[in-house]
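Hi,

Here's the structure I promised to pass on.

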Amino acid sequence: MRIELTLKALSDAGYDPAAHHKIRGRIWRGLEGNKEYTDLHDTSHGIGFAFSNIFPWGMIEEGDQRYIRIASPRRDILDDLIAHFGRNRKFEVGQMRFKIADITAHAPQVGEAGSTGRIDTGTGVFCALNRRLAKEHGLDTSKMDAGESETKLFWRPEHGMEPLQATIRRSIQQTHEQFGDEYYDGPTEVDDPLFNRIEPIKDDVTYSIQFQPATAVDRTVILSKWRLGYRVRDDTHRYHLNLALDSGIGQRREHGFGFLNLREQNPPRANTT
């Protein structure tokens with residue numbers, strides 16, 4: 001499930017590609033009256049939402065129309081945000097000042113068993129491995145051990161795809177355990193992969209941006225964007241893919257990373273035999 005806000009620019013502004021923290025702050029304004037949410041605000045568990053960039057990218061002129069999407073596996077969070085944004089129409093993110101012109105709700109679905117399609121990452125996937133996980137994947141931790149690098153290792157193509165795919169599976173497993181349907185097994189409890197095709201969107205695969213995880217804290221992080229092909233095997237796989245659409249993939253999803261968009265959805269081929 002997700003909502004889309006149609007935004008009308010109130011003034012000219014430059015586009016801020018590193019506005020994740022400010023966007024997150026504006027979303028949290030709509031949730032701060034609920035103690036359940038605020039108690040989990042700064043925990044590693046989170047409350048269960050992901051959000052896109054403001055799009056399309058580019059310089060903003062007064063009167064321009066832009067959009068932002070917020071997804072969650074929890075209907076109550078989206079209901080609370082709809083109510084808040086209906087009352088509080090200003091959407092200001094630093095120098096980017098908008099008024100909310102419309103609010104719509106969507107529930108993208110990957111389709112029944114046999115359906116095929118493609119999911120794209122609308123925002124970069126955050127994958128930082130601590131020492132234990134890096135060693136589990138056979139990665140060199142000597143610089144981490146010697147204190148010559150960060151305490152976490154950002155995923156890069158030379159690490160191979162398995163560490164990244166394992167991070168994606170763990171992230172959806174976490175969402176499944178917190179907010180999902182216990183009838184189904186989680187993605188780490190089945191042997192089959194989530195996606196049958198994974199292609200980088202960017203030629204260089206990874207890219208870096210400035211990220212502000214908290215006020216007055218600035219970090220350079222390394223991200224990647226992907227086109228993710230799928231063929232729905234069964235109801236459990238369908239559940240996993242739809243949960244990924246609702247929650248995003250990877251780490252720091254509530255900071256604006258790993259947001260997913262369903263780009264193609266094709267029904268099962270008819271059996272002509």
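This is a predicted model: local features need pLDDT of at least 70, side-chain atom pairs count only at pLDDT 80 or more; totals for chains, interfaces and linings use all residues.

The protein chain splits into domain 1, residues 2-106, and domain 2, residues 115-266. Taken over C-alpha atoms, their centres are 22 Å apart. On the contact side, 20 residues of domain 1 meet 25 residues of domain 2. Together the two domains bury about 1,900 Å² between them, with carbon and sulfur atoms giving 52% of that area. In domain 1, the residues that lose the most area to domain 2 are His 20, His 21 and Pro 73, which together make up 30% of what that side buries.

What holds across that interface in terms of polar pairs? The count of salt bridges between domain 1 and domain 2 is zero, but eight residue pairs are in polar contact there, both partners at pLDDT 80 or more. On the domain 1 side, helix H1 (20-29), strand S2 (50-51) and strand S3 (65-71) supply at least two residues each. H1 has the largest share, with three residues.

Now for Ser 247, which sits in helix H7 (residues 235-247). Is Ser 247 buried or exposed? Its relative accessibility is 5%, so Ser 247 counts as buried, the cut-off being under 20%. Leaving aside neighbours within four places in sequence, Ser 247 touches Ala 50, Pro 73, Thr 175 and Arg 253. With Arg 253 there is also a side-chain to side-chain polar contact of 3.4 Å.

Finally, some backbone details. Most residues other than glycine have a negative phi, and most peptide bonds are trans.

- Phe 55 and Pro 56 are joined by a cis peptide bond, with omega about -5°; Pro 56 is in the loop between S2 and S3.
- Val 205 has a positive phi, near 70°. Val 205 belongs to the loop between strand S10 (197-200) and strand S11 (206-214), and at 15% relative accessibility it counts as buried.
- Arg 252 also has a positive phi, near 55°. Arg 252 is in the loop between H7 and strand S14 (260-266), and at 31% relative accessibility it counts as partly exposed.

Cheers

Notes:
Residues are numbered from 1 along each chain as its sequence is written. Side-chain values use heavy atoms; hydrogens and water are left out. Domain bounds come from an automatic or database domain assignment. Contact means heavy atoms within 4.5 Å. Buried area is the accessible area (1.4 Å probe) that two parts lose on being put together, summed over both. A salt bridge is a side-chain nitrogen of Lys or Arg within 4 Å of a carboxyl oxygen of Asp or Glu. A polar contact is a pair of N or O atoms within 3.5 Å; within protein, one must be able to donate a hydrogen and the other to accept it, and residues adjacent in sequence count only if both atoms are side-chain atoms. Helices (H or I, at least four residues) and strands (E, at least two) are DSSP runs, numbered from the N terminus. Buried means under 20% relative accessible area, exposed over 50%, partly exposed in between (1.4 Å probe, protein chains only).
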